[in-house]
Amino acid sequence: MRRFVVALAVLALFGGQALAIDSHAPLQALPNEQVQALADLPEVRTLSLGVNGVPNFISGRLAVLGRGDASVQALRFIEEIAPVLRATGREEIAPVGVVVDELGQTHVKLQQYHNGIAIVGGEFYVHLDEKAGEVNGFNGHFTPAEDGLPEKALIGARQALIKTARDADINGGRVLEQPELVYVVANDSKVYLAWAALIDYVGAQGPTVDRVFASALDGDLVTMHPTVYNALNRKIYNGNHTNPDNPTLPGTLIFQEGGSSTDAAANDCYTNFGYTYNYFKSRFNRDSFDNAGSALIGTVHVGTNWVNAYWNGTQMVFGDGDGTESTYLSKALDIVAHELTHAVTDRTANLNYESESGALNEAMSDVLSAGAEVYKVGSVNGNTWLVGEDAWTPATPGDALRYMNNPTADGYSKDYYPERLYPSCTPSSSNDYCGVHGNSGIANLAFYLLSQGGTHPRGKTTVNVPAIAITKAEQIFYRALTTGLMTSTTNFQGARNATKTAAEQLYGVGGAESTAVTACWDAVAVPGGTVAVTTLTNGVALGSQGAATGNYLNYKITVPSGQTSLVVTTTGGTGDADLYVKRGALATSSSYDGSSTGSTSAETVTISNPVAGDFYIGLYAYSTFSGVTIKATYTGSTPNFTIAASPTSLSVVQGASGTSTITTAVSGGFNSAVALTASGTPSGATVSFSPTSIAAPGSGTSTMTVAAGTAAAGTYTITVSGTGGGLTKTATVSLTVTTSGGGTTVLTNGTPLASQSASASTWKYYKITVPSGQTSLVVKTTGGTGDADMYVRLGSNPTTSTYNGKSDGSTSTETVTITSPAAGDWYIGLYAYSAFSGVTITATYSASTGGSMNETESNNTTGTANTVSTSGTTVTGKIGTSTDVDYFKVTLPAGATLTGYLTVPSTKDYDLKFYNSSGTTLASGTNGTGVAENVTYRNSGTAAMTVYIKAYGYNSAYSTTLSYTLKLTW
C-alpha cells in the first residue's frame, strides 16, 4: 500500500455564506487564512465544520481537474485546499480505494496516518465529476499535524486493557488478538493514541465481540467498536440448545440453493434471504452484501427461547424466540434485511457502531429493510414503518420493535435531535453504545417524512416535508451510504450533508428532492440547516424586526480596516430583544465579543477599534419582540487602493511575450492583500502575474507577462483586476498581436508536433526557449510528403539567407544541430520549397552527462548533504538501513528547471523529494516498488536557490547490496 506524505501548499474571505457548524463545536472565529482559502473555492454549496474547526463536509464546485488518475487528482486537491483543512504539510495520506458509481462519478477514499500508523476513523473522500472536469465534494475526518498527537505509549497494552475492561464493565472477557498500538477518532471527535484489541465477552445484550480502544497514556477507555450487531435492544436469555453465547457455526446443513424444507424457521430464513438479495440487486444493482456475490449464510434455532438475531461479520444467527416477546426471528423479512444491511454498511461507509454514527448505522438498516418490505409487497402500507412486526410479541397485533413513523411509541427511541440519548458519553454495551438503537429514531423519522411527507408527529417542529416517495428516498439514502459521502465517523449533521449531496447528484441541484431532504432533517432538528443571515449596510437602519421567544435573528456587517469603532443599536418596538456581537462567527448568548441584555428591546453594543472582517449580530428573543429597528455603524477613515499598468499597451509577435508592470497604492488604512487576475485574454494567449497577489497592506508591484502564443492577429483589451478588502479595482492594457511570416508556434523540449503543412513558397515558424548550460539543440522534421527546408536562428525568425543552421534536402526529412546553443529563444522556419503536409517537427536540447559520483555517508541531513555541482551528474548510492536517508543539494539558477531521475532496484520502493532551505517540499515522487521516480521543479524566482534532494526508502525499504542511481540535470 502506498502512503504519501503530501506537500500541502499554502493558498490564499469567506463572505456571503452561512457556516453550518457542527453542534458539538464552539462557535469561534476561523483563522483569516482559512477563511480566505474557503472564499477562493469556486463555489461552496454546503460547508460543515468539526469541533477542531476543520471542515468535515464540503460540496459544490471546488476545483478543476487536471492530469493524472483519480488518486493523483484527489491528492492534488488535498494539497490545494491545505489552508482550508489547516494542514501543515506533515500529514501522511494514502489513497486506499476508488469507486466509480452508476452516475459515472468517481469517489476516492483516502486514509490518514501518523508516524506510519493508520488513524482509525481518520478516513475521508474526495469526489470527482470527471465528465464536468471538477472536484465536487470532500467529506470525512482530517486531523492537522499541528494538533500535537502523542508519539509514544506511556502504559503497556495489558495494563491499559485491564483498566479499560474494568471501566467498561467487561467481566470474564477473552482477548482474541495481539493488542495493537493505533490512533483512533473517539466520540468527542478527538484523536487518541490507544491500545486496540478484540475482546469476546457476555455483555448486557448477550454474546458480544467489541474492538476496545484503551488510552496508551493512562489506560482510560477511549471508545468501543462492536463487531456483533444485535437486532433487539433487549436483555438476552441464554438457552441450552446451541449456546448463543458461544454458538457452533454454521452448524448442520438443512438445505441449500434450490432445495426446500418443512422447517418453518429455516424456510422463512431462506425465503427472506431471497427477498433481500433481490431487493438490493433490482433497486441498486448490488450483488449480495459485498457486491461480489457472496453466499448468504444463516443459522436458525440458536439457543432455547432465545429472543435475538445478529450479523456476526460472516453470517446471520437467529433465535427461536420465547413465544411471548417474539416468535422465531427469521420469520420477519425486515429483521433479516436489517441485519444484512449491517453487512452492506460494513463494506461501505463502515459507520462506527457507537453514538451518532452507530445510530445512523442502525437507521440505515431500518430504512433499507423498510425498502425490502415494499419491494416484496409492491407498495407502502401501515406495516412498512413497523420494525420486526411479523415476529415481535405475536399475541399483540400491531405491536413492533420500533416505529419509524412515530419512534417514541416504543417507549425508548427518540425522534428529535435536541432530545437525543447520551449526547456525551463513553460507549459500552450497558448504555447501548451511547444509544445507537434509541437515537436511530431520529433518522428513521426523517426518512419516513421524506418518503411520505408531513410534519413531526409530536409537533416538535412545524416543518412540512414534501413527499418524494420511498423509491426516491431509498436511492438517496443508499447513495449517501455507499459512495463515500459517509465515513466511519459521520454524525447526524454529516448524514444531512451526505443525503442532500446524494439528492443533488441523483436529481439535480435545487430540485424538489434536495429541498425535501433539507426539510426532513429540519423537521427532526438535526443541525446544519441554512441559517438566515441578513447583511446590513453601514449606518442604514433596518426596521420592523421581530421574533418569538427563544429564537434568534442573525445579521452581518463587513467592517473594513482602519475603523475606530463599530456601534450596533436596536431601538423601538415591544418585547425584550438581547443583542450579541461576534467577529467571524454567529453570535450567541454563550459566544460573543460584546453583548447588551437589558429588559427591553433598546440595546447598544460598541466594539472599539474593530479588526477588519465580518461581524455577526445575534438578536435573541428573551421574550417575543416586534417592530424593532436595528442599525450597525462603523466609523473611521475609508480604506481604499488604486491599480495602474505601465505600459498600457503592448505589441507582441505570435509566439513571443511582453510585460507590463502592475502597481497598487493604498490609502485610508487599507490593510488587505490584493489578488490579481486578468480577463479579455484572446484564445491561444496566456497572462500570468509574478507575484500573483500583492501582500498586505496591498501596496506594491507585480509583473504581468502576456504570452501571445497562437492567438490570432488583432488588438485586444486585457482588463487587470485587483481584489482585496471587499474592493475590486481595474486597469486596462491594450494588446496587439502581430504575425511574423505566418505566426510562431512554441515547441516543448523533446515533444513532437505532428501534422504540419504549408503551401508552396510559404513559411511555418516555431520557437523553443533553450536554458543555459545545454550542449546541443537538435531540430528534426520527419514523415509527410513534399519538400520542407529548415532554417534555425537565435533571437528572431530566420530567412533563407539569415540563419545559424539550415538543412535543405529534397524531401521533408531534415535535421539541424546547434552545438553549445546560447540560452534564449531559438526560432525555426520551415520553408515550403514545394507544398508539404503530414510533417512532424521535434526540437530537443540537452546538457552534458555531467559525469558520475558516488554517494558519501553520512548525508542523512540537509546539513551533511552531498553537493552536486554539474548538471547531468549521475550519483550512485544505497539506502543501507531501514532509517537511512540520503540528501544531495544543487544550486539552481533563476529560471532553470531541476530534474531528478531516480532508478530503483526492482524489488525496492524508493521515493524522491525536493526541498528548499526552509524545509518546504517543492516536489515529490512516490511511485511503487521497482518504479523509477522522475521529479521536476522550476526556479521561477529572480535569484539562484539551493534545492535539497532526498532519496529514501518507503515503509523502511532498504538494501545493503542493491544500489540506486540518481541523475540530476538543470
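This is a predicted model: local features need pLDDT of at least 70, side-chain atom pairs count only at pLDDT 80 or more; totals for chains, interfaces and linings use all residues.

Trainee: Got it. So at what angle do α8 and α11 pack?
Mentor: About 140°, with their axes 8 Å apart. Here α8 is residues 440–452 and α11 is residues 512–523.

Trainee: And what do we call that arrangement of α8 and α11?
Mentor: Oblique, because angles over 145 count as roughly antiparallel and 65 to 115 as roughly perpendicular, with the rest oblique once the roughly parallel ones under 35 are set aside. That angle therefore makes α8 oblique to α11. As for handedness, α8 passes α11 in a right-handed crossing.

Trainee: Which residues meet there?
Mentor: From α8 you've got Ala443, Ala446, Leu449 and Leu450, and they meet Ala516, Val517, Cys520, Trp521 and Ala523 of α11. Sorted by class, the contact of α8 with α11 has nine nonpolar residues, no polar ones and no charged ones.

Trainee: Is α8 itself mostly buried or exposed?
Mentor: Twelve of its 13 residues are buried, so α8 is largely enclosed by the rest of the structure. Among the buried ones are Ile442, Asn444, Phe447 and Tyr448.

Trainee: What covers them?
Mentor: The cover over the buried residues of α8 includes α6, β19, α7, α9, α10 and α11.

Trainee: How far does α8 reach, end to end?
Mentor: It's 18 Å from the first C-alpha to the last, close to the 18 Å expected at 1.5 Å a residue.

Trainee: Switching topic: how do α5 and α6 cross?
Mentor: Their axes come within 8 Å and cross at roughly 130°, so α5 and α6 are oblique to each other too. α5 passes α6 in a right-handed crossing.

Trainee: Which residues are involved in that contact?
Mentor: On α5 they include Leu333, His338 and Thr345, and on α6 they include Met364, Leu368 and Lys376. By class, the contact of α5 with α6 has five nonpolar, seven polar and five charged residues.

Trainee: Last one: where does proline 397 lie?
Mentor: In the loop between β18 and β19. Proline 397 has 75% relative accessibility, so it counts as exposed. From proline 397 to glycine 680 it's 74 Å in space, C-alpha to C-alpha, and 283 residues in sequence.

Methods: Residues are numbered from 1 along each chain as its sequence is written. Side-chain values use heavy atoms; hydrogens and water are left out. Axes are lines fitted to C-alpha atoms, for helices over the stretch in contact, and angles run from 0 to 180 degrees between N-to-C directions. Helices (H or I, at least four residues) and strands (E, at least two) are DSSP runs, numbered from the N terminus. A crossing is left-handed if the near helix is turned anticlockwise from the far one by less than a right angle, and right-handed if clockwise. Contact means heavy atoms within 4.5 Å. Ala, Val, Leu, Ile, Met, Phe, Trp, Tyr, Cys and Pro count as nonpolar, Asp, Glu, Lys and Arg as charged, and the others, Gly among them, as polar. The expected span of a helix is 1.5 Å times one less than its number of residues. Buried means under 20% relative accessible area, exposed over 50%, partly exposed in between (1.4 Å probe, protein chains only).
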